[in-house]
Amino acid sequence: SFIWKPLVGIPNDMQDLKDVDIFFYGVLEFLRTCNKDEFDATIIDEVFQVTLSDTTKRALLPGGDKLNLTFENKEQYLQLACKARLEEARDHLHAIRTGLADVIPLSLLNLCSPEDLEVSVCGKPHVDIKLLKVHFLFLIIISNSFF
């Protein structure tokens with residue numbers, strides 16, 4: 001859904017982030033729910049930056065790589081970190097969506113569900129083996145009748 005939702009005009013949410021990076025989601029949940037004692041015992045030398053999917057680091061603010069994460073500024077960190085991770089592929093997805101718009105008008109693309117678009121592009125995720133065997137046998141019979 002992390003890829004397909006934005007392509008049909010639906011913004012990603014925390015569940016999508018959880019689906020692609022459960023560890024980072026867990027860190028965010030810890031920060032969201034921890035008290036000051038838990039925070040101080042766990043968070044050491046963290047700064048206002050996140051590691052993206054491609055392992056590069058992105059400062060969440062100008063000079064964020066030097067701004068310490070504290071219990072007092074954790075809400076700002078949470079907002080910026082979520083935004084950075086949810087939008088890290090924004091430019092790539094915009095380019096894909098623009099390319100799709102050459103084939104499918106955006107007004108129609110926006111009517112698709114993410115699942116419908118995924119199946120249209122990738123096909124069904126499961127192969128019906130019985131149906132495949134029937135078609136395979138049919139092809140063998142047909143090809144033998146021509147030779």
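**A friendly note on this predicted model**

1. Let's start at one residue. Leu132 sits in helix H9, which covers residues 129-146. Keep in mind as you look around that this is a predicted model.

2. Leu132 also has a part in a surface feature. Together with Val127 and Ile129, Leu132 makes a nonpolar surface patch of about 290 Å².

3. Now step back to the whole chain. How many helices and strands does the protein chain have? The secondary structure comes to nine helices and two strands. In sequence order, the pattern is α-α-α-α-β-β-α-α-α-α-α. The protein chain has a radius of gyration of 23 Å, well over the 15 Å that the globule rule gives for 147 residues, so the chain is more spread out than a compact globule. Along the principal axes, its C-alpha atoms fill a box of roughly 80 × 35 × 25 Å.

4. Next, have a look at the largest pocket, with a volume of about 380 Å³. Its lining has 20 residues, and the closest to the pocket centre are Phe24, Val27, Glu46, Thr51 and Tyr77. By residue type, the lining divides into 11 nonpolar, four polar and five charged residues.

5. Which elements supply at least two residues each to that lining? They are helix H3 (22-33), strand S1 (49-51) and helix H5 (74-86). Helix H3 gives the largest share, with four residues.

6. Finally, turn to the charged side chains. The count of salt bridges comes to nine. One of them joins the side chains of Arg85 and Asp21, with an N to O distance of 2.9 Å. This pair links distant parts of the chain, since the two residues are 64 residues apart. Arg85 belongs to helix H5, whereas Asp21 lies in the loop between helix H2 (14-20) and H3.

Terms used. Residues numbered from 1 in each chain as written. Predicted model: local features only at pLDDT ≥ 70, side-chain atom pairs only at ≥ 80, totals over all residues. Heavy atoms only, no water. 1 Å grid on protein atoms, 1.4 Å probe; cavity = no way out; pocket = protein on both sides within 12 Å on 5 of 7 lines; lining within 4 Å. Points joined across faces, edges and corners; volume = space filled by probe spheres on them. Nonpolar A, V, L, I, M, F, W, Y, C, P; charged D, E, K, R; others polar. Patch = residues over 30% accessible without salt bridge, like charges linked within 9 Å, V, L, I, M, F, W, Y side chains within 5 Å. Areas by Shrake-Rupley, 256 points an atom, 1.4 Å probe, with all protein chains shown as cover. Salt bridge = Lys/Arg side-chain N within 4 Å of Asp/Glu carboxyl O. Rg over C-alpha atoms; globule rule 2.2 N^0.38 Å.
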